[in-house]
Amino acid sequence: MYRLAQSQPLIFRKGLDMKEAVAGDLAAAYHSRLVDEVRTAGYRHDKGRLTVHLAREFGFCYGVDRAVDYAYQAVARFPGRNVFLTGEIIHNPHVNDRLRSNGIRFLSDPEERGRDLGPDDVVILPAFGVTVAEMKRLSDLGCTLVDTTCGSVLTVWKNVVRYAQDGYTAVIHGKVKHEETRATASQALKYPNGRYLVVLDREEAAIVCDYIRRGGNRAAFLSRFANATSPGFDPDLDLQRIGCANQTTMLMSESLEIERMFREAFGDRYGEAALAQHFRAFDTICSATQERQDAVISLLDSQPVDLMIVVGGYNSSNTCNLARICASRVRTFHIADPNCLVSADRVRHRPVGPPSTAPPSEVVTENWLPTEGRVTVRLTAGASTPNNIVGQVIETLERFTGV
Ligand code: SF4
């Protein structure tokens with residue numbers, strides 16, 4: 001069930017054999033009977049003048065489900081020992097706070113920063129993984145590591161390592177400050193000639209494509225991507241052969257577009273016949289992200305709608321991307337939890353557009369809910385949002401539209 005190497009720290013990867021022991025706690029913390037009922041009723045909920053249509057794929061993904069399960073199991077498996085998380089296990093404040101109240105300490109919290117760790121300590125690694133250097137540091141300290149890194153993230157790492165091995169620069173569509181992208185980029189440096197470059201969006205990809213086609217001002221390029229390149233990056237050498245990869249939670253349509261842009265740039269520069277020697281790509285958006293994005297598009301396509309609510313952490317990449325998809329079609333409110341629905345007149349929400357790694361900000365909108373007549377709300381939730389939060393949002397909408 002797990003890998004144990006002699007005179008090395010324990011690294012649990014496939015479970016701690018305490019699944020049944022924590023199943024009740026997990027259900028009590030995150031389950032919602034109302035959400036189950038809405039699912040059974042065809043993802044539709046009618047009450048009074050309110051109709052809620054729920055996306056067919058929403059909320060906890062398989063990777064988050066597993067990470068949270070492992071965290072609970074770690075507490076049960078190691079009673080009396082300090083159990084730490086390197087930082088947020090996933091980007092949802094409610095889930096992280098529940099883990100804190102369950103006794104797990106966060107090394108990112110001010111009071112834990114700089115703490116000395118040792119063989120008696122248990123450290124949980126989050127679903128989006130940690131950098132190679134952080135993994136080595138914790139291993140060298142002899143900590144017991146509970147590794148919840150999602151299998152979909154590990155697949156990306158495997159491909160990035162192969163790029164490095166074969167002399168291709170990993171060009172990662174992602175947010176340079178996001179934990180997963182930092183961890184993925186670090187994989188490229190496992191080989192001495194490994195290189196990486198992180199691009200945030202089409203605009204940055206277009207700058208790189210220009211350089212691939214025609215070269216350019218090396219200093220200006222390095223300045224623009226100063227925090228997004230591997231040490232010693234040289235665009236004149238390191239953009240001759242690239243492999244595309246993604247942070248797993250990016251907007252699928254944007255990732256595919258960026259891949260197409262790079263493919264065309266290399267075709268223009270070296271000719272179609274030589275493309276394979278200069279360009280590689282593989283699909284690294286995880287299936288859970290893709291399913292949630294597809295489900296929300298189909299929800300928007302299905303019928304007219306008054307407004308859309310997207311529920312999830314403000315620093316959650318996949319939630320912010322769901323909100324972007326919705327906001328291009330309909331009035332959309334990205335809320336963190338039901339408390340953001342302050343009243344029938346007032347909602348607090350995150351503006352749609354800035355990347356999830358931007359400083360958290362909230363705005364208030366008045367008169368957001370029609371005060372009379374039928375109200376149709378469509379609802380989805382990011383991959384780190386538990387069902388109990390989704391259920392509480394529906395209950396709050398019921399209250400505000402009650403007669
Ligand atoms: S969003 Fe995808 S990659 Fe991230 S934890 Fe969930 S399944 Fe894994």
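Reader: Which residues of helix 4 (residues 93-101) are called buried?

Author: V95, N96 and L99 are the buried residues of helix 4. Buried means under 20% relative accessible area, with exposed over 50% and partly exposed in between (1.4 Å probe, protein chains only). Helices (H or I, at least four residues) and strands (E, at least two) are DSSP runs, numbered from the N terminus. This is a predicted model, in which local features need pLDDT of at least 70, side-chain atom pairs count only at pLDDT 80 or more, and totals for chains, interfaces and linings use all residues. Residues are numbered from 1 along each chain as its sequence is written, and side-chain values use heavy atoms, leaving out hydrogens and water.

Reader: Why is D147 called buried?

Author: Its relative accessible area is 4%, which is under the 20% cut-off, so the word applies. D147 lies in strand 7 (residues 144-147).

Reader: What makes the approach of D147 to T149 a polar contact?

Author: A polar contact is a pair of N or O atoms within 3.5 Å; within protein, one must be able to donate a hydrogen and the other to accept it, and residues adjacent in sequence count only if both atoms are side-chain atoms. The side chains of D147 and T149 make such a contact at 2.5 Å.

Reader: What makes strands 12 and 13 a pair?

Author: Two strands pair if DSSP finds at least two bridges between them. Strand 12 (residues 307-311) is joined to strand 13 by four bridges, and the two run parallel. The chain gets from strand 12 to strand 13 through helix 14 (residues 317-327), in a right-handed β-α-β crossover. Right-handed means that, with the strands pointing away from the viewer, the path from the first strand over the helix to the second runs clockwise.

Reader: How much confidence does the predictor give this chain?

Author: pLDDT is the predictor's confidence in each residue, from 0 to 100. The protein chain averages 93, and 96% of the residues score at least 70. Over residues 1-8, however, pLDDT stays under 50. Where pLDDT is low, the predicted coordinates should not be read in detail.

Conventions
Contact = heavy atoms within 4.5 Å.
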